Amino acid sequence: MELLGQQVLAGIATGAIYACMALAVVMIYQAIDHLNFAQGEMAMFSTFIAYQLMLWGFPYGIAFLLTIVISFAGGVFIDRVIFKPIHDAPILSHVVVFIALLAILNSAAGFIWDFTVKSFPSPFGSSPLFGSSLISAHQAGMVCVTLLLLLFLFFFFRYTRIGLSMRAAAANPASARLVGVRVGWMNALGWGMAAAIGAIAGILIAPVVFLEPNMMISILLYGFAGAVLGGLTSPAGAVIGGFTVGVVENLAGTFIPVVGGELKLPIALMLIVAVLVFKPSGLMGRTVVQRV
Amino acid sequence: MAETTLAPTAGEAVATAEMPRSLRRGGRIALISGIVFLVVAISIPLFFRNFVVFQFTQMLVYAIAILGLNLLTGINGQFSLGHSAFYALGAYTAAILMDQYSVNYIWTLPAAGVVCFIAGFLFGLPALRLEGIYLALATFALAIATPQILKLSPLEHWTGGVQGIVIVKPDPPSWLPLNQDQWLYYFTLAVALILYILARNLVKSRTGRALMAIRDNPIAARSMGINLSLYKSLAFGTSALYTGIAGALGAIIVQFVAPDSFTLVLSIAFLVGLVVGGVGWLPGAIFGGAFVLFVPNIAEGVSKGLSGAVYGVILILLIYLMPTGAAGFVRAVLSRFKA
Amino acid sequence: MSTLLEVKGLVAGYGGIPALHGVDFSLQEGGVTTLLGANGAGKTTTLRALCGMIRARGEASFAGKRLIGMQTEDIVRLGIAHVPEGRGTFTRLTVEENLQLGAMTRRNGPDIKQDFERVYDHFPRLRQRRMQQAGTLSGGEQQMLAIGRALMLRPRLMLLDEPSFGLAPLVVREMFDILGGLNRNEKVSMLLVEQNASLALSLADTAYLLETGRLVTSGPAAQIREDEGVRRSYLGY
């Protein structure tokens with residue numbers, strides 16, 4: 001029983017990572033109405049930028065803020081420049097451009113900073129929280145930042161004019177134009193925000209998984225899984241989904257004998273898919289009523 | 001009633017059928033290009049040395065796999081990131097049959113096909129309830145799970161574990177003056193042509209139209225009496241069959257199967273090949289296969305350290321130029337001819 | 001009475017296929033003009049061209065401003081509210097959010113609040129369902145919502161694309177009564193596209209008849225209504 005409790009807590013701790021990523025995924029989904037497959041690589045690249053800034057002597061706080069601004073701009077750039085020419089192309093063509101972006105970012109990061117693993121500082125320190133062995137200060141910090149971010153996004157989308165405009169632009173661009181919403185800029189804003197959130201996620205995650213170009217690949221997956229589990233329409237769902245994935249993954253790894261370190265991911269995904277088969281709109285998603 | 005003409009709205013008139021009239025009417029052009037293709041394809045081994053022939057054979061193998069994916073995604077509208085799993089299943093089926101049961105390589109193809117058809121059909125059943133992103137995630141999980149499953153210790157007796165299985169390269173029939181690579185090339189070409197013709201006939205048949213109806217408007221399809229579950233699962237099975245046969249061929253020509261050859265990267269490559277060739281356009285598979293095989297090599301030639309970035313840039317530029325793949329390009333060229 | 005909207009030689013189409021071959025019409029301030037015709041006549045195309053939703057050629061001026069070439073988002077800011085074909089409801093958002101979006105280009109908080117009340121007074125059923133997801137509303141209610149959303153702009157001109165489509169006759173009657181009231185009391189000018197000619201002619205003061213992208217005849221609504229020849233040939237009754 002104690003083992004169960006320990007594993008659940010450990011799962012929540014790792015889940016914070018996935019929750020952060022899931023948040024970025026849902027964020028951009030709310031803004032642009034499809035999944036950003038390059039989210040992980042963008043976050044990774046942003047983290048490297050922060051790393052470089054600190055190498056150049058900037059203190060952590062300044063590097064953090066600068067990285068967020070640069071990432072925001074990068075996100076806007078990717079939307080306005082790279083995705084503009086294929087604006088009207090079918091979804092699969094978009095997916096392929098995402099894949100290309102992924103390849104470019106991964107390769108460029110490896111080229112500039114090489115593939116050796118680097119350590120990345122944490123603003124919370126790495127000592128255990130209040131001396132407890134269950135969760136470190138940094139992991140607790142991650143959970144807090146994730147929740148704060150979530151709160152911010154919740155208020156932003158629910159209670160601000162821009163938030164509403166963004167949701168409208170994503171849900172129905174033609175109608176949004178008819179009420180005067182500048183859909184193009186709303187999309188760009190969504191991308192910028194997602195890039196910024198991804199940067200925050202990456203900067204938080206790097207101290208735990210260590211910085212290297214491939215660090216985000218499995219995390220993005222878990223992030224997707226968490227977002228989908230939570231229902232893709234709900235930032236809160238994404239966060240809960242992310243935590244759930246962390247717990248499930250940990251429990252599966254501990255209690256199912258066949259599952260070695262490497263089968264954790266597919267098992268976790270399969271379990272999530274099983275949930276979706278029974279509840280297609282996710283745990284917290286609102287069922288979209290479609291009138292035929 | 002009034003004499004008003006019930007002319008279709010202009011919007012409807014422009015609605016593109018998936019086999020655009022320009023491509024269908026281009027029947028004669030299709031025939032000519034088919035003949036040209038055949039002539040070129042048959043002459044390849046005569047002009048190139050063995051290694052290049054081997055590469056072209058691999059290209060054909062990928063084309064078959066992409067053809068399979070096209071049947072599922074392009075024709076039936078179900079998205080799959082997991083086809084590397086079926087490719088692997090076909091490959092391992094062939095390898096195990098040849099290595100442990102001394103089955104002649106030719107028979108491994110239908111065996112791989114049957115095994116993969118069943119696997120695909122079984123996977124398609126629960127996948128029925130999943131749409132778009134959810135299906136993508138499920139197939140994604142399948143792709144990631146595959147190398148891990150292949151490495152599992154309980155299965156090592158069959159799969160050879162991490163080391164995989166080595167196969168003996170088959171010999172050409174004695175009455176043909178060809179070497180091994182050349183023979184395998186022609187063999188693969190023949191299989192590819194047969195499979196292509198079968199696929200084309202499938203798409204043109206009532207079944208094919210039902211599959212496309214499901215893709216375009218599932219609710220309407222169902223209300224017309226099309227059994228969604230059956231057709232969608234069959235589509236999955238058939239698609240898996242094609243990709244499985246490709247996997248078997250791949251194993252034979254490479255003479256080797258190992259878990260890490262069948263990762264998510266392969267699934268992504270198939271997807272890229274599908275889009276580059278043109279979603280829903282069967283002949284596009286050959287363009288897709290060519291792209292997937294040759295462009296990464298070209299990218300590495302340009303810059304070893306930045307090969308991924310170069311590949312990405314080439315891919316993006318290609319999509320800019322041809323957003324709907326080679327299909328769109330051919331369509332544009334043909335409509336120039338008509339105009 | 002000044003001319004609010006003046007259109008000359010409007011040409012527009014879809015992907016290279018023209019649907020309008022040069023159409024002229026005008027709308028007076030405070031008036032209701034209706035565009036009639038069968039399917040494919042080009043009525044919806046006209047509205048889309050005026051709103052910048054499709055590419056068009058020709059001349060269209062609204063209170064002196066050139067509409068052709070303007071972005072939809074800017075045309076809206078001139079005070080033109082388009083209630084599109086199929087309602088264009090934001091199905092995943094609530095009724096209240098839909099209305100809020102209608103006022104997105106306006107700044108004055110108290111005025112907007114007032115307009116909310118006015119819209120809810122016109123359409124009490126919307127007030128009942130204000131926190132409901134818009135997609136769960138019936139067809140008639142969604143049409144009311146679409147009109148309400150347009151009203152939130154405090155438009156000078158409302159473009160209505162087949163508001164009666166798919167609705168029961170009683171609901172349609174109610175809606176047209178409300179539209180009539182809006183035009184008379186709040187001085188909202190309207191350009192109405194309709195297939196239900198008799199209803200449209202009862203509301204409008206001027207009518208234009210389109211057939212396959214060309215203007216066939218025009219005149220005061222009362223005149224068109226009385227003209228049996230026109231009615232039988234083009235309007236089906």
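The model is predicted, so local features need pLDDT of at least 70 and side-chain atom pairs count only at pLDDT 80 or more, while totals for chains, interfaces and linings use all residues. Residues are numbered from 1 along each chain as its sequence is written, and chains are lettered from A and ligands numbered from 1 in the order in which they are written.

**Chain A as a whole**

Select chain A, whose secondary structure comes to 11 helices and 0 strands; helices (H or I, at least four residues) and strands (E, at least two) are DSSP runs, numbered from the N terminus. Of its 292 residues, 54% count as buried, a residue being buried if 20 or more other C-beta atoms lie within 10 Å of its own, exposed if 12 or fewer, and partly exposed in between, with C-beta atoms placed from the backbone. Among contacts in chain A between residues at least 6 apart in sequence, 73% join residues at least 24 apart, where two residues are in contact if their C-beta atoms, placed from the backbone, lie within 7 Å.

**Two helices of chain A**

Next select residues 39–55 and 60–82 of chain A, which are helices H2 and H3. They pack at an angle of about 140°, with their axes 9 Å apart; axes are lines fitted to C-alpha atoms, for helices over the stretch in contact, and angles run from 0 to 180 degrees between N-to-C directions. That angle makes H2(A) oblique to H3(A), since angles under 35 degrees count as roughly parallel, over 145 as roughly antiparallel, 65 to 115 as roughly perpendicular and the rest as oblique. Residues to show in this contact include Ser46(A) and Leu53(A) from H2(A), and Tyr60(A) and Phe64(A) from H3(A). By class, the contact has 9 nonpolar, 3 polar and no charged residues; Ala, Val, Leu, Ile, Met, Phe, Trp, Tyr, Cys and Pro count as nonpolar, Asp, Glu, Lys and Arg as charged, and the others, Gly among them, as polar.

Now show chains A and B together, where the contact takes 32 residues from chain A and 31 residues from chain B. On the side of chain A that touches chain B, H4(A) gives the most, with 13 residues, and that side has 28 nonpolar, 3 polar and 1 charged residues.

**Last stops in chains B and C**

In chain B, select residues 105–127 and 228–254, helices H6 and H12, whose axes come within 6 Å and cross at roughly 145°. Finish at Gln100(C), which lies in helix H3 (residues 95–102) of chain C and is buried, with 20 other C-beta atoms within 10 Å.
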